[in-house]
Amino acid sequence: MDVLNTILTRISIRKFTGEPIKEEDLNILLKSGFQAPSAHNYQPWHFVVVRDEDVIERIAEFHPYAKMLPKAGCGIIVCGDEVKQPNKGFLVEDCSAAIQNMLLAAHGIGLGAVWCGIYSADKLVDSAKDVLGLPENIIPIGMVVVGVKDEEKEPTDRYDANKIHYNKW
C-alpha cells in the first residue's frame, strides 16, 4: 500500500476476530515504532507487548476504552523514559509519533488497530504502571490495540480548509 493511500484510508478498528497476529507482523509494527522521529533523536520509547490473557483482562478492566483488547491479537503499550527525555512535552510527542507509525503500519499490512490513550489520565497511568510493573521513570503514554479486523469501515475525509492559516492567524 503506498504511503499516501495508507494515511488517507487509515481508520480506527475496534472489532477483531480474536486471532493472534503473526510474529512477523508484530515485528513490522515494532520496527515501525522505532523508526519514528524524536526530539534531539533521544528515542525515549519502550514498547510493552501484551499477549497474556490475564494481563489483557486486567487492562480491559481499568481502561474504559480498551474493552475490545481481549478480542484483539495483542496490545502494544508505548511508554516513555523520563530519564532519556526529561521534557515531558517532547516525551509525549515522541511516543505519539511512534504510535502513529504503528497504526499506519498495521493498516498497511491489512491489520486493524486503534489508539487508546493512557497519559495524562492519572488513574490510567497509575493502573498501567501497576499492571505492567513499570519502573518509576517509565510513563505509559498510549496503547495500540491491534489484530485481525472483524469489521470494515469507510474512511472519513477530515480535511477542513477553515483550520488552515498562512503566516499568521
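I counted a salt bridge where a side-chain nitrogen of Lys or Arg lies within 4 Å of a carboxyl oxygen of Asp or Glu. By that criterion the structure holds 3 salt bridges.

I worked from a predicted model, in which local features need pLDDT of at least 70 and side-chain atom pairs count only at pLDDT 80 or more, while totals for chains, interfaces and linings use all residues. Residues are numbered from 1 along each chain as its sequence is written, and side-chain values use heavy atoms, with hydrogens and water left out.

Entry 1. I found Glu23 and Arg51 joined by a salt bridge at 3.0 Å, N to O. Glu23 is in helix H2 (residues 23-34) and Arg51 in the loop between strand E1 (45-50) and helix H3 (53-62), so this pair links distant parts of the chain, 28 residues apart. I took helices (H or I, at least four residues) and strands (E, at least two) as DSSP runs, numbered from the N terminus.

For accessibility I used relative accessible area: buried is under 20%, exposed over 50%, partly exposed in between (1.4 Å probe, protein chains only). Glu23 is partly exposed at 43%, and Arg51 is partly exposed at 35%.

Entry 2. I looked up Arg58 and found a salt bridge with Asp130, the closest N and O atoms being 3.7 Å apart. Arg58 belongs to helix H3 and Asp130 to helix H5 (residues 122-132), 72 residues apart, and the pair links distant parts of the chain. Arg58 is partly exposed at 40%, whereas Asp130 is exposed at 56%.

Entry 3. I noted a salt bridge between the side chains of Glu82 and Lys88 at 3.4 Å, N to O. Glu82 is partly exposed at 28%, and Lys88 is partly exposed at 34%.
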